[in-house]
Amino acid sequence: MNSTKATWIGLAAIVLWSLIIALIKEVSNSFGAIGGAALIYSLASVFLLLLFGWPRLKEFPLAYLVWGSLLFVSYEICLALSIGYSTSSRQAIEVGMVNYLWPTFTIIFAIVFNKQKANFLIVPGFFISLVGICWVLGGDQGLNFKGMLSNVQNNPLSYGLALLGTVLWASYCTLTAKMANGKNGVTLFFILVSIVLWLKWLLLGEGTLSFELQPTIYLVLAAFAMGMGYGAWNIGILHGNVTLLAAASYFIPVFSAVFSAFILSTHLTFSFWQGALMVCLGALLCWVSTKTKA
């Protein structure tokens, strides 16, 4: 596969990931937070199995299987349930924006734990990302700490799960970078996520699942975006322009907000867009800080 084609496939992954927040919300509205998530990851696992086949576990380093499974599964559950438990479309988009702090946290973790070199831009980048999230959560008035706290207190579970997921995914990226030895266990991890979610669904007894046409379409789209997003990204970073893909990926928060506002028919204020751009800019500065000499 030539580099240009692989790069376009990688860029398609960014589009697919940008759809995930809205699609998970739509599915959870019809099938419940846990049931909807279980369905999404089960169907996404099927897509990944068709694309990559069954993973050969003997080829995977044991440390990667253990830590990768624990961190990946925990993150995906936090992501899906934080959106599923949101009480409105606007809140789902805000929760998704908290999740998109992970690029900034990943770079910070790489600096702290993997001794990644960075220059002075890491400091303003980190704080701009945090201020951007505060700006998003502050509501129509922008940077309003009282409004932000009131907003979070309305649903601490969703916002808490999103923040925890951010830390978990940053940890996964940091810890498994050296453990994976070039292997990709995403198919196995998706299967494990679906198993855990089904067990949780059975234990809580959420009731029966009713399949109607429109919710089922959203389910298929969500599973496709989730599973094929990982598959396309893997092709992109292996054979495409990694620098271009990395830079483009830092704008996923804005792309996600655009798609989510359209799919969920939600009006987002000017202050929200200001905060979303700050999150992107902060993450981009953190990334740039690692690309220049300290």
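Analyst: The account below begins with the cavity and then turns to a pocket, to selected residues and to the cysteines. The model is predicted, so local features need pLDDT of at least 70 and side-chain atom pairs count only at pLDDT 80 or more, while totals for chains, interfaces and linings use all residues. Residues are numbered from 1 along each chain as its sequence is written, and side-chain values use heavy atoms, with hydrogens and water left out.

Rolling a probe the size of a water molecule over the atoms shows where empty space is left. On a 1 Å grid over the protein atoms alone, a cavity is a set of points where a 1.4 Å probe fits but cannot get out; a pocket is an open set with protein on both sides within 12 Å along at least five of seven lines. Lining residues have an atom within 4 Å of a point. Grid points are joined across faces, edges and corners, and a volume is the space filled by probe spheres set on the points.

Across the whole structure, one cavity of 30 Å³ or more is found. The largest cavity holds about 30 Å³ of space. Its lining consists of Ile21, Ile93, Gly96, Met97, Tyr100, Pro253, Ser256, Ala257 and Ser260. Two helices, H4 (89-99) and H12 (252-263), each supply at least two residues of this lining, and H12 gives the largest share, four residues. Helices here are DSSP runs (H or I, at least four residues), numbered from the N terminus.

Arg90 counts as buried because its relative accessibility is 17% (buried means under 20% relative accessible area, exposed over 50%, partly exposed in between, with a 1.4 Å probe and protein chains only). Its side chain makes a polar contact with the side chain of Glu94 at 2.8 Å. A polar contact is a pair of N or O atoms within 3.5 Å; within protein, one must be able to donate a hydrogen and the other to accept it, and residues adjacent in sequence count only if both atoms are side-chain atoms. Not counting residues up to four places away in sequence, Arg90 touches residues including Val136, Asp140, His267 and Phe272, where contact means heavy atoms within 4.5 Å.

The second largest pocket has a volume of about 210 Å³. Of its 13 lining residues, Val98, Ile133, Leu137, Val152 and Leu163 lie nearest its centre. Helices H6 (122-137), H7 (145-154) and H8 (156-179) each supply at least two residues of that lining, which divides into 12 nonpolar, one polar and no charged.

Helix H1 (residues 3-31) holds Leu11, which is partly exposed at 22% relative accessible area.

Finally, the structure holds zero disulfides, a disulfide being a pair of cysteine sulfur atoms within 2.5 Å. The sulfur of Cys173 is too far for a bond, because the closest cysteine sulfur, in Cys286, is 14 Å away. Cys280 is likewise in no disulfide, with the sulfur of Cys286 nearest at 12 Å. Cys280 counts as buried at 2% relative accessibility, whereas Cys173 counts as partly exposed at 25%.

Key: Nonpolar A, V, L, I, M, F, W, Y, C, P; charged D, E, K, R; others polar.
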